[in-house]
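Here are my notes on this one, as numbered points.

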Amino acid sequence: MKKSDVLKKAKKAREAALALSALSGDKKDRALRAMARAMRKSKKQIITANAKDVADAGKLVQQGKMNKPLLKRLILNDQKIEEMAQGVEAVARLENPVGKVLDAIEMDENLNLYRVTCPIGVIGSVFESRPDAVPQISSLCLKSGNAVILKGGSEARRSNQVLVKILSDAAASIPGVPQDAIQIIETREDVGEMLKLDEYIDLLVPRGSNEFIRHIQNNTKIPVLGHADGICHEYVDEKADLKMALRVCLDAKVQYPAVCNAMETLLVHEKIAPRFLPPMIEKFRAAGVEVRGCAKTRKIVKDVKPAKEEDWTTEYLDLIVSIRIVNNLQEAVDHINRFGSAHTDGIITASRSAAQKFMDGVDSACVFHNASTRFSDGYRFGLGAEIGISTNKTHARGPVGLDGLVIYKYLLYGNGQTVADYSGAKAKQFTHKPIRKSKTKIL
């Protein structure tokens, strides 16, 4: 795509965003339901395009140019498309995040100030090979009144193109929804051009490797929201219910290993390691998991592959797990804060005090007690879907749903007041009275 074409798309997205910001919640929901219907109606078209992507990706896997987890993320079928449609409908059922009064104050009689949610504007979303991210991101952006420019992985090019066409046409079938609310760019060069367009694009949400996220951050003036690696941990405490720990840790690793919220490192308290690790490793191996362990782990289970220093900072996205035995809870917390990616980490323990110490001490976006890291997901959190998971410490952290795609503006309603009225020797005094929530309906 030419440089001028990316600029044209960004300009059209800006115009679309202005139109979307004034759109009623009802119209946005009608557009979302139309998008879900269109995906169901176009299943054959989507699967045909996806099959071509999968065939090409399979060749890359055979050549060693692409890993199997990426191939798994790429595949669409009838069930996956139905889940995608249901996800869009779930977003439609959520409350409209735009126009909510967050705060209200009477500055003086007949001079009322409201802080009200509004869309961010134009979102640039760059993501990996999962084509199901297209309807997720598109639906969240539309519901929150934002236009979106999408860039998926090249291995999903045909799937993404078809999905964007289906979704944008369906949304635009509702009067008032602009055709350019959902657009797509296709090459790395296009991304490079997009990074220069801070005049038109308000927020970038990249999903990929640490290296890729850093590249985006270092080459743009546009604010960046996102996460890089998902180096997630489960810590099995000395007071853990071991049956529970076996179930939770197995789920965290094998339920779907090719995603960012899968457990990559298992930490185990030294007091329960001799009882816990043999059956845990047996379950891992039965599920096809390669186990890598520290020296203490290998003394308990002899034929475990040695874990190297880089294992503690590796996101495998595959059936591989690293195991480390720690002396105490604080050592587990320290390990996570040092080697983790601030994504999702959990403790398994029957001790409420231990759980609280862990949850207070771990500096991650999501911290769990007696639950699998796989619960870290926008849909499971009740957000409808997610545009991504943020490990930033900005306005949005963890799974980013609708709340993370709106900002706010101040609306001041007066009756001819001037600042001069509140200045000088005879200055009026501000009342600065909170307006009760029951009275925060504007106008």
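1. Starting with the second largest cavity: strand E6 (203–206) and strand E14 (388–390) each supply at least two residues of its lining. E14 gives the most, with three residues. Helices (H or I, at least four residues) and strands (E, at least two) are DSSP runs, numbered from the N terminus. The volume is about 30 Å³, and the lining consists of Val 205, Pro 206, Arg 207, Leu 225, Gly 226, His 227, Gly 388, Ile 389, Ser 390 and Val 400. By class that makes five nonpolar, four polar and one charged. Here Ala, Val, Leu, Ile, Met, Phe, Trp, Tyr, Cys and Pro count as nonpolar, Asp, Glu, Lys and Arg as charged, and the others, Gly among them, as polar.

2. Some ground rules before the rest. This is a predicted model, with local features needing pLDDT of at least 70 and side-chain atom pairs counting only at pLDDT 80 or more, while totals for chains, interfaces and linings use all residues. Residues are numbered from 1 along each chain as its sequence is written, and side-chain values use heavy atoms, with hydrogens and water left out.

3. How many cavities of 30 Å³ or more does the structure hold? There are two. On a 1 Å grid over the protein atoms alone, a cavity is a set of points where a 1.4 Å probe fits but cannot get out; a pocket is an open set with protein on both sides within 12 Å along at least five of seven lines; lining residues have an atom within 4 Å of a point. Points are joined across faces, edges and corners, and a volume is the space filled by probe spheres set on them. The largest cavity has about 50 Å³ of space. Its lining is Lys 151, Gly 152, Gly 153, Ser 154, Arg 157, Asn 160, Ile 184, Ile 185 and Glu 186, which splits into two nonpolar, four polar and three charged residues.

4. Now the second largest pocket, with about 270 Å³ of space. Of its 17 lining residues, Ser 21, Val 98, Cys 118, Pro 119 and Lys 409 lie nearest the centre. Helix H1 (3–21), strand E2 (111–119) and strand E16 (406–413) are the elements that give two or more residues to this lining. The class count is 10 nonpolar, four polar and three charged.

5. Lys 253 deserves a look. This lysine sits in helix H10 (residues 242–254) and is buried, at a relative accessible area of 0% (buried means under 20%, exposed over 50%, partly exposed in between, with a 1.4 Å probe and protein chains only).

6. A polar atom of its side chain lies 2.9 Å from the backbone oxygen of Gln 136. Leaving out residues up to four places away in sequence, Ser 139 touches Leu 32, Met 35, Val 88 and Val 91.

7. On helix H13 (residues 329–339), the buried residues are Leu 329, Glu 331, Ala 332, Val 333, His 335, Ile 336 and Phe 339. They pack against several elements, including strand E7 (232–236), strand E11 (320–326) and helix H14 (352–361). Asn 328 caps the N-terminal end of H13, with a side-chain oxygen 3.3 Å from the backbone nitrogen of Gln 330.

8. Two backbone checks. Asn 110 is not a glycine, yet has a positive phi of about 60 degrees; this residue lies in the loop between strand E1 (101–108) and E2 and is partly exposed at 45%. Ala 342, also not a glycine, has a positive phi of about 60 degrees and lies in the loop between H13 and E12.

Terms used. A polar contact is a pair of N or O atoms within 3.5 Å; within protein, one must be able to donate a hydrogen and the other to accept it, and residues adjacent in sequence count only if both atoms are side-chain atoms. Contact means heavy atoms within 4.5 Å.
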